[in-house]
Amino acid sequence: MTILRARGVVKSYGPTPALRGVTIDVAEGEILAVTGPSGCGKSTLLHCLAGILRPDAGEVSYGEHRLDTWSERMRARLRRTEFGVLFQFGQLVTELTAAENVALPLLLAGTGRREARTAAVGWLDRLGVADLADTRPGEMSGGQQQRCAVARALVTEPRVLFADEPTGALDSRTSEQLLGELVRVARDQRTTVLLVTHDVQVAAYADREVALRDGAVDASGLGLTAVQGRHGR
Amino acid sequence: MRPTTVLRLALAGTRTDGLRVALTAFSALLATLAILAALTVIAIPELPYPDAPGQFRHNEHYANPLLDEPGLRFGTALTLLLLTIPVIALAAQCTRLGAPARDRRLAGFRLAGATPGQATLIAVAETGLAVLLGAAAGTGVYFGLRVPLDRTDASGLRALPTDVLPPTPAIAGVIAALPLVAALAAALLMRRVAIGPLGVVRTARRKRGPLPWPGVLIVLGLISFSSLVPVIRWFTERESEPPLWLLNLLGIGGAVIAMLGVVLGTGWISHASGRILHRFERFPSALLAARRLTNDPWHGARTFAALLACVIVGGGAAMMRGYFEIQRELELRSMENDAPRYAYEGDNFYLESMNLVDLAIVAAVVIAAGGLLVAVSESIVSRRRAYAALVASGVPRGVLARSVLWQALAPTVPSVLLALAVGTQLLWSFTGTEVSNYGLSAPFTVPWDTIASYGVLAVAAVAASVGISLLFLRGSTAVEELRAT
C-alpha cells in the first residue's frame with residue numbers, strides 16, 4: 001500500500017530549479033533510499049514529501065491527504081504526530097539533556113512530564129545510550145548525538161521517518177552502527193523510512209533506491225546500489 | 001604581523017561584521033557625546049564670592065539652573081556620565097553580533113598560520129578600531145553641534161553651555177582612552193576563548209550555578225548609605241561638619257556597592273528563575289527557557305545589568321520626587337497661612353529638575369532595551385539551525401517564541417523588583433519618615449505609583465525588545481538553514 005506519493009513535483013529556489021517534475025511512490029513499511037550527486041534535489045524532495053516545503057507545482061500525498069494543499073499549521077501538526085525527521089547534525093537543543101530532547105515531541109503533544117521522560121529514557125535505552133539520559137549534547141560524541149536524534153525522531157512512533165544524510169557527519173564505523181540500529185528499530189516498528197544519501201554504503205541499507213539527477217528521477221535505473229549491491233536486511 | 005595587516009584582517013568580513021563594527025562605532029559615538037557633555041558641564045567656571053572664600057555663586061549665564069547653580073552641576077555631570085552605562089552595555093552586546101561567522105573567520109586565520117595571540121589581536125583590533133572611529137565621529141558631532149546650538153534667549157541666557165570647552169587634554173584623553181578601554185575589555189572577554197584552526201572554543205563555565213553572594217554587597221551598600229544621615233546628625237550634635245571624604249564614601253560608595261550587588265546578582269536571579277521554572281514547568285516552551293537560564297545565566301546579563309542600573313536610579317528618583325512634592329505641599333501650606341490672599345504655586349525648581357532626571361532615565365532605558373534587542377536577536381540567530389530542525393519536526397514557531405519570551409521575562413520580574421527595592425531603600429534612608437519645610441512637617445508617604453511606573457517601564461522595555469527580536473525567528477527557522485553546512 002502506498003503511503004507517500006509525489007506526482008510531477010516541481011520546486012525552484014528563485015531562478016534555480018531544484019525538482020523538475022519528480023514522480024515517486026513510497027510503500028508502507030519500506031525503506032527507500034533517494035540517492036544522487038550533490039545538488040540533484042534529494043533534500044528538496046524529502047522536504048516536499050515531509051511537508052516542510054510546499055512544491056511550486058505537482059501533487060504530494062500522504063495516504064489519502066493532499067499535503068500540498070494543507071496550511072503550514074496543519075503540515076506542522078502532521079510532522080509532529082505522524083512523521084519523524086532526522087538531519088545530518090545540529091538538530092538537538094544544546095541546553096536540554098538527552099532525555100529532555102527526546103521527550104520534547106511528546107511534551108508538545110501534551111504528554112505528562114514523567115510519562116514523557118519514561119518513554120524518552122526507554123527509547124534512549126533501545127538505541128544504547130540510556131546512560132546519557134542526563135547528559136547535554138555538547139558533552140556527547142557525534143554518534144551519540146545522532147542516536148539521541150534517532151530516538152527523538154522515533155519517540156512518537158511515527159508512521160514515516162525522513163532521514164536527510166543522517167550519517168553525513170559520522171565516521172564509517174559509527175555510521176554502520178547507527179544505520180544498523182535505525183533499520184532494526186524501523187523494521188520492529190514497521191516504520192516507513194525515506195533515506196536521503198549520496199553514500200553507497202548508506203543506500204545499501206534500503207529496500208529500494210530512487211536515483212535523482214538534475215532534479216528528475218534518473219531513468220537509467222543505475223543508482224548507487226545497482227552496481228555494488230545491498231546489505232543490512 | 002604588521003599593523004596594516006592587523007587592520008586589514010580586522011576589517012575583513014561579511015555585511016554582518018560591517019554591521020557589528022558600525023553599531024559598536026555608533027555606541028562609542030553616543031558614549032563620547034555623553035562624556036564630552038559631562039566634561040563641558042564641569043568646565044563651566046566657578047564664580048567665588050569675593051568675601052566668602054570657598055563658596056561659589058550662581059553663574060547666571062544659562063537659562064537652566066542645573067547649569068547655573070554650582071551645587072547642581074556635579075549632579076548634572078554625573079547623570080550624563082551615568083548615561084554611558086547603558087551605552088557601554090549596548091556596545092558590549094554588539095560585539096556578539098555575527099559572532100559565529102567571526103569565529104569561523106578567526107579559525108580560518110589560525111588555519112592559515114596565525115598564532116593564537118595574533119588571532120586574538122585581530123579580534124581585539126576590530127573592537128578598538130570601531131570604537132576609535134566612533135569616538136572620533138562623536139567628537140566631530142560634538143564640535144559640529146556647538147555652532148547651531150549656541151543661541152541665547154531674550155534675556156541673553158544660553159540653553160546649553162556652548163560658550164565653554166573642556167580642556168584640550170581632556171578631549172584628547174577621551175578619544176584615546178575609549179578605544180583603549182574597549183580593546184582591553186574585548187581582550188578580557190576573550191580570556192575564556194581559545195581560537196584554534198578548527199574553530200573557536202569557549203571554555204566551559206563551572207557547572208555549579210552562581211552563588212547569591214552579591215546579596216552581601218546589596219546589604220553592605222544599603223547599610224553604608226543608610227548611615228549617612230546618622231553620621232551627619234552625630235557631627236551636627238557636636239557642632240562640627242563631617243569630612244567630605246566620609247560623606248562620599250558612605251553615600252556614593254554605598255550606592256555604587258548596592259548597585260554592583262544588584263548587577264552581579266542578575267546571574268544568580270537568572271539561574272534561580274530557571275530552576276524554579278524547570279521545577280514547575282508544564283509547557284515545552286517553559287522547559288526550553290528554564291534550561292537556557294540555568295545553562296547560561298549570564299547571557300545578556302551585561303545589557304540586563306544596564307537596565308537594572310536604570311531601574312535602581314528610577315526607584316531612587318521616584319522617592320526624591322515624592323519627597324520634593326511633600327516639601328512643596330508644606331511650602332504652599334505655609335504660604336497660605338502667612339498670606340492667604342496671594343496665589344502662589346510654590347518652588348517648582350526641584351520637581352522640574354526631577355523631570356529632567358526622569359527624561360534621562362527613560363532615555364537610558366531605551367538605550368538599554370536596544371542592547372537587549374541585540375542580545376535576544378543574536379541568541380535567536382545563533383540557534384537558527386536547531387530552531388529550523390525543530391520547526392521541520394513539527395514544533396510550532398509559537399512554542400519557540402514563547403520560550404524566548406519566558407527566558408527574558410522570568411528573570412526580569414524578580415530582578416526589576418529587587419532593583420526597585422534597592423533604589424527606594426537607598427533613598428528612604430535619606431527621606432526618613434517625616435518631611436519638614438517652612439516650620440511645618442508631614443509624614444513621608446512612599447510614592448508607590450511612581451515607583452511602579454518605573455517597574456512597568458522596565459518590563460515593557462524587555463517585552464518590546466523580545467517582541468521585536470522575534471521578527472528574526474521566522475527567518476531563522478527557514479528550511480534553508482538546514483541546507484547550510
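1. A word on handedness before anything else: a crossing of two helices is right-handed if the near helix is turned clockwise from the far one by less than a right angle, and left-handed if the turn is anticlockwise. Please keep in mind throughout that this is a predicted model.

2. With that in hand, take the helix pair in chain A. Helix α5(A), residues 142–154, and helix α6(A), residues 172–189, have axes that come within 10 Å and cross at roughly 15°. Angles under 35 degrees count as roughly parallel, and that makes α5(A) roughly parallel to α6(A). The crossing of α5(A) and α6(A) is right-handed. On the α5(A) side the contact uses A:Gly143, A:Gln146, A:Arg147, A:Val150 and A:Leu154, while α6(A) brings A:Thr174, A:Leu178, A:Leu182, A:Val185 and A:Gln189. Sorted by class, five residues of this contact are nonpolar, four are polar and one is charged.

3. Next, the sheet. In which order do the four strands of the open sheet in chain A lie? The order is β2-β1-β4-β5, with antiparallel pairing. The edges are held by β2 (16–27) and β5 of chain A; each has a single partner strand, so one side of each lacks a neighbour in the sheet.

4. Now for the individual pairings. Strand β1(A), residues 2–13, and strand β4(A), residues 57–62, are antiparallel and share five bridges. Within this pairing, A:Val10 sits opposite A:Ala57 of β4(A). Between β4(A) and β5(A), residues 65–66, there are two bridges, and these strands also run antiparallel. Here A:Tyr62 has A:His65 of β5(A) as its bridge partner. Two residues lie between the strands of this β4(A)–β5(A) hairpin, where A:Gly63 takes a positive phi near 60°.

5. One helix to view together with the sheet is α1(A), residues 42–49. Helix α1(A) lies across β1, β2 and β4 of chain A, and runs at about 125° to β1(A).

6. Is A:Val193 buried or exposed? This residue belongs to strand β8(A), residues 192–197. A:Val193 counts as buried because 26 C-beta neighbours fall inside 10 Å, and the cut-off for buried is 20 or more. Leaving aside residues up to four places away in sequence, A:Val193 touches A:Ile31, A:Leu161, A:Ala163 and A:Ala186. As for A:Val155, 38 residues apart from A:Val193 along the chain, the two C-alpha atoms are separated by 15 Å.

7. Then there is the meeting of the two chains. How many residues does each chain put into the contact? Chain B gives 18 residues and chain A gives 22. On the side of chain B that touches chain A, α12 (284–295), α15 (384–392) and α19 (480–483) of chain B each supply at least two residues. The largest share of that side, six residues, comes from α12(B). By class, the side of chain B that touches chain A comprises eleven nonpolar, three polar and four charged residues.

8. Last, a helix elsewhere in your list to inspect: α10(B), residues 228–237, is hardly covered, with one buried residue among its ten. After α10(B) comes B:Glu239, which has a positive phi near 55°.

How values were computed
Residues are numbered from 1 along each chain as its sequence is written. Chains are lettered from A and ligands numbered from 1 in the order in which they are written. This is a predicted model: local features need pLDDT of at least 70, side-chain atom pairs count only at pLDDT 80 or more; totals for chains, interfaces and linings use all residues. A residue is buried if 20 or more other C-beta atoms lie within 10 Å of its own, exposed if 12 or fewer, and partly exposed in between; C-beta atoms are placed from the backbone. Two strands pair if DSSP finds at least two bridges between them. Two residues are in contact if their C-beta atoms, placed from the backbone, lie within 7 Å. Axes are lines fitted to C-alpha atoms, for helices over the stretch in contact, and angles run from 0 to 180 degrees between N-to-C directions. Angles under 35 degrees count as roughly parallel, over 145 as roughly antiparallel, 65 to 115 as roughly perpendicular and the rest as oblique. Ala, Val, Leu, Ile, Met, Phe, Trp, Tyr, Cys and Pro count as nonpolar, Asp, Glu, Lys and Arg as charged, and the others, Gly among them, as polar.
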